Amino acid sequence: MARRKKGLKRLRRRLTAVVSVVVTAIVLAQFISRARELNDSEWIEGKENAKIDALSLLSVRTNPRLKSQEIEYEGFNMSFNPEAHEPNWVAWELTAEETTGSTPRYNKFSADPSVEGSAEKWDYNYSGYDRGHMAPAGDMKWSEEAMRQTFYMTNICPQAKSLNTGAWKRLEEKCRQWARADSAIIIICGPVLTDSIKEWIGDSRVAVPERFFKVILSPGANPPRGIGFIMPNGSLPGGIQKAAMSIDDVEAITGHDFFSALPDSIENAVESQNDFHFWSTIK
């Protein structure tokens, strides 16, 4: 618990520094455009209502049909499903600075002894599936502890090698590119556990998802933008562009509610977008 509180404090500081000012400025801009029509007392009330807790951008309203235990690690948060023995979702922010960290890859998988239902690394032995990271090790090069915790089995799902080393990996690389371009992005991903589970692996009976999702928010863009992806647990003909969709569509498939802390007008705008061509041009 102590390490999780420490991680939460660090995460809060980083989010406040990178995201809070941007998001609050966006909301205040909306009030400013309206201020000319308001009297002084109404304007003061408006400014108070504009305050946003930046950490809440990592908060997800988990599908109530799924078992959920929320966990805070050094560099990412998650909802862990003790029945499926894998996360419902994993959320983190990625800054431009963090994409160039120097911490070496850890590469030692292990159960998280503090989490009931955590899979064991040998559950995946001879299964035919990779141990697929949700929060990738490559996004945690800024901290040895954050890097190490990405190798907890709570952060791992059974992924076909063609996905893990193919489209999933390419999207992770794209996210680092987008973080460098936009200073910071919010990423949330996980297995689609609303699908009927037809396969389990290991003595723990880890659920094998048929699909995975990822949603991305760039709150510092002007205007803010978002995009979602659903990928099959296998090869993806046509590449990641074929998997692109709106965040609204991902919410409909997973039953989760993302980015509800945003003002409705901004949330509705970013979650309805599906412009992969625009994202693909960001360098």
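What percentage of the 283 residues in the chain is buried? In this predicted model, buried residues make up 55% of the chain. The chain is built from seven helices and 13 strands.

**Overall fold and surface**
- Among contacts between residues at least 6 apart in sequence, 69% join residues that are at least 24 apart.
- The accessible surface of the chain comes to about 12,900 Å².
- Carbon and sulfur atoms account for 48% of that surface.

**Nonpolar cores**
- The largest nonpolar core has 49 residues.
- Within this core, Phe76, Trp92, Trp178, Ile185, Ile216, Phe229 and Met231 touch the most other members.
- Helix H4, which spans residues 161-182, gives the most to this core, with seven residues.
- Apart from this core lies another, of 21 residues, including Leu55, Leu57, Val215 and Met245.

**Surroundings of Ile185**
- Leaving aside neighbours within four places in sequence, Ile185 is in contact with several residues, among them Trp92, Trp178 and Ile216.
- Other contacts of Ile185 include Glu93, Leu94, Cys175, Ala179, Leu217, Ser218 and Pro219.

**Cysteines**
- A disulfide is a covalent bond between the sulfur atoms of two cysteines.
- A search of the whole structure finds zero disulfides.
- Cys157 is in no disulfide, and the nearest cysteine sulfur, that of Cys189, is 8.1 Å away.
- Cys157 has 0% relative accessibility, so Cys157 counts as buried.
- The sulfur of Cys175 is too far for a bond because the closest cysteine sulfur, in Cys189, is 8.7 Å from it.
- Cys175 also counts as buried, at 1% relative accessibility.

Technical notes. Residues are numbered from 1 along each chain as its sequence is written. This is a predicted model: local features need pLDDT of at least 70, side-chain atom pairs count only at pLDDT 80 or more; totals for chains, interfaces and linings use all residues. Side-chain values use heavy atoms; hydrogens and water are left out. Helices (H or I, at least four residues) and strands (E, at least two) are DSSP runs, numbered from the N terminus. Buried means under 20% relative accessible area, exposed over 50%, partly exposed in between (1.4 Å probe, protein chains only). Contact means heavy atoms within 4.5 Å. Accessible areas come from the Shrake-Rupley method with a 1.4 Å probe; for residues, only the protein chains shown count as cover. A disulfide is a pair of cysteine sulfur atoms within 2.5 Å. A nonpolar core is a set of buried Ala, Val, Leu, Ile, Met, Phe, Trp, Tyr and Cys residues joined through side-chain atoms within 4.5 Å.
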